[in-house]
Amino acid sequence: MSSKTTPTFDILITSDRTMMTNHHGREFLGFVTTGPPLGLPEKIWMWMCAPKPKVDEVGRPVEAPYGLRKVEAALLDAGFSAAIIDPDHLARHLRHAKVLMIGHHDYFALNSPSIEWWLLTGKEPVNRRSFLRLMRRPEIREAKRRGLKIIVGGPAAWQWLWNTNFWREFGIDTVVDGEAERVIIELAEKALAGEELPLYVYVGPPDTPRIDEIPEIKGASVNGLVEIMRGCPRNCSFCPVTLRPLRFYPLDKIEKEMQVNARAGLRGCILHSEDVLLYGAKGLEPNPDALIKLHVLAKKYFKTLAWSHVTLAEVRYAQERSNLITKLTEVVLDENQDYLGVQIGLETGSVRLAKEIMPAKAAPYSVEEWPETVERAMAILHEHRIIPALTLILGLPNETEEDLIATAELLDKLRDYRSLIVPMFFVPLGQLKSRSWFLREHIKDEHIEVMRRCLWHSIRWAEDMLSKFYLKGPQHAPLRLVLKLFVSYVKWRGRQVEKWLNSIRTG
Amino acid sequence: MKGSETFEFEISAEDTPIETALEKRLKASTNRRVVVKIRGGGDRISVIERLRDLLSANISRTVVIYVE
């Protein structure tokens, strides 16, 4: 008679439910985890945006966040006994584990748009609630009492500096801020050997890994996301990514990661970069050959493809110079896929502010052409069935009422282009780390005007997308219904707010 | 950039506040990685709180902070 034993791991890697989910295979629904539950019970809200993933018999998720997969790969390549474990399956593994590593995009809901929904509604977003619930679980507290070491990192590691009460409460041993592939091995060795751990590690640009030092993922990533490059040459002052060197993954490295995802049964792929159109580029000059090969490669393994980010200037330039957007969509759009999703930073409609904070964002066009570049790029995207979720930043340092009026005027010109537009409050990051946060009391009438335009634009196009593109097929009917009800609720609330604003204005 | 260098601070023995002293050392260093060992700060996390503004600024090298 054979007996099945559960494998044990020295190092567990995890996150809370808002991260450990595939958002029903729709990456954009991940945005919903940044809000508080509005008009719905929290359980339904969580089901809508963060359903439990499929796991194996010991609680390892089939799909896990890409950043956690990189840490797992680095540890496995170095010979450690490590695994990503779904938060609901931690208890049995914590009895044996010596180290718990946790990553997150937004531990305490301090990034945009979480902080914005929190400030506007006065309610804690579900990503924060979910993370705090995880850390207060008895099994983690018990393991900590037994000597478990806890190391936290990821893009939101900086938030621990501003939440030292939780650093104390949860007994975090080390916070790692920055690309972790090089330093994580050293930390794991120390933790397992019982040596003293540093309280804080900031990974500076000279310690970022070279491409050949970045390991390939060993298990599938959420929604088939694969990195194609790191860094960005545009040097926008509000963005931390530009502080790191630009590095391109070679195609064979990307293909290995795509194969991992395809073997796990994933049917979609997200190409991740700050600007996918810069893959293989020389400066800002797109490389059509490299891009077409990359897209052909992705479609060889996956039915559907999405871009994480592009820039509007590169969309315009790539199309005007070599019809590249047409060529790429000819590869991507087929009988399996009738649109392509992407997130894009619009940031501001003000040329004056663009000159201050993102002088190279419009390049190779002049910064004075920024609004025109935005409009032309949006027309190109609309024509090619590429649907962007645009983000704006409100409350940038030195922002004036004229800047906000310029943004509102630009939004009026974008009315007929299919997109969602999400206004975000300024969070001091990148070269603007030392600047002040944008708070509720800083909101002016002009901010409200911009937010109103974003709201009605997004409602109009969300209804269009839900009826024509998003979540088609009977298997998605319950989720589609909940989303339609939610959009109707937001529309109803929006009208109430409009009435309230008008009553204030008319006295 | 060169390799790694280690600075040790005894908070109670320093004439200048630790954040000022560390900032000077970081500016002067030409190394890729700076390891800082701090003793005598009382609550370990409160030392990080004192260094928060410095650590929130853009740092051009790796900083590893131990607090005893």
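Two residues count as in contact here if their C-beta atoms, placed from the backbone, lie within 7 Å. Helices (H or I, at least four residues) and strands (E, at least two) are DSSP runs, numbered from the N terminus. This is a predicted model: local features need pLDDT of at least 70, side-chain atom pairs count only at pLDDT 80 or more, and totals for chains, interfaces and linings use all residues. Residues are numbered from 1 along each chain as its sequence is written, and chains are lettered from A and ligands numbered from 1 in the order in which they are written.

I will start with helix α8 of chain A, residues 183–193. Its buried residues are V183(A), I184(A), L187(A), A188(A) and A191(A). Buried means that 20 or more other C-beta atoms lie within 10 Å of the residue's own, exposed means 12 or fewer, and partly exposed is in between, with C-beta atoms placed from the backbone. Why do the buried residues of α8(A) line one face of the helix? Seen down the axis, they fall within an arc of 130 degrees, so they share that face; the arc is that of the directions from the helix axis to the C-beta atoms. On the other side of α8(A), E189(A) and A193(A) are exposed. The buried residues pack against β1 (11–14), α2 (66–77), β4 (99–103), β5 (149–153), β6 (174–177) and β7 (200–202) of chain A. Just after the helix, G194(A) takes a positive phi of about 75 degrees.

Next, the domains. Chain A is divided into domain 1 (11–207) and domain 2 (219–470), with bounds that come from an automatic or database domain assignment. Their centres, taken over C-alpha atoms, are separated by 26 Å. Across the boundary, 21 residues of domain 1 of chain A are in contact with 22 residues of domain 2 of chain A. On the domain 1 side, β2 (63–64), α2 and α4 (114–121) of chain A each supply at least two of the residues that touch domain 2.

Now the cores. A nonpolar core is a set of buried Ala, Val, Leu, Ile, Met, Phe, Trp, Tyr and Cys residues joined through C-beta atoms within 7 Å. How many residues does the largest one have? It has 147, and those with the most contacts inside it are I11(A), I13(A), I228(A), L271(A) and L392(A). This core draws at least three residues from each of domain 1 and domain 2 of chain A. A second, separate core of eight residues includes V32(A), M46(A), M48(A) and C49(A). Back to L271(A): leaving aside neighbours within four places in sequence, it is in contact with V226(A), I228(A), V276(A), A298(A), L305(A), W307(A) and S308(A).

On to the sheets. Two strands pair if DSSP finds at least two bridges between them. One open sheet of three strands in chain A has the order β9-β12-β13, with parallel pairing. Its edge strands, each pairing on one side only, are β9 (225–227) and β13 (304–307) of chain A. The twist averages 25 degrees from one strand to the next. Strand β12(A), residues 268–272, pairs with β13(A) over four bridges, in the parallel sense. In β13(A), A306(A) is the bridge partner of I270(A), and L305(A) is that of C269(A). From β13(A), T304(A) and A306(A) point one way, L305(A) and W307(A) the other, and all are buried. Helix α9(A), residues 251–263, lies across β9 and β12 of chain A and runs at about 165 degrees to β9(A). For such angles, axes are lines fitted to C-alpha atoms, for helices over the stretch in contact, and values run from 0 to 180 degrees between N-to-C directions.

A further open sheet of three strands in chain A has the order β14-β15-β16, with parallel pairing. Here the edge strands are β14 (340–347) and β16 (420–425) of chain A. Strand β15(A), residues 386–394, and β16(A) pair in the parallel sense over six bridges, and M424(A) in β16(A) is the bridge partner of I393(A). Helix α16(A), residues 445–468, lies across β15 and β16 of chain A, at about 145 degrees to β16(A).

Last, chain B. From the N terminus on, its elements run β-α-β-α-β. Of its 68 residues, 24% are buried. Among contacts in chain B with a separation of 6 or more, 83% join residues 24 or more positions apart.
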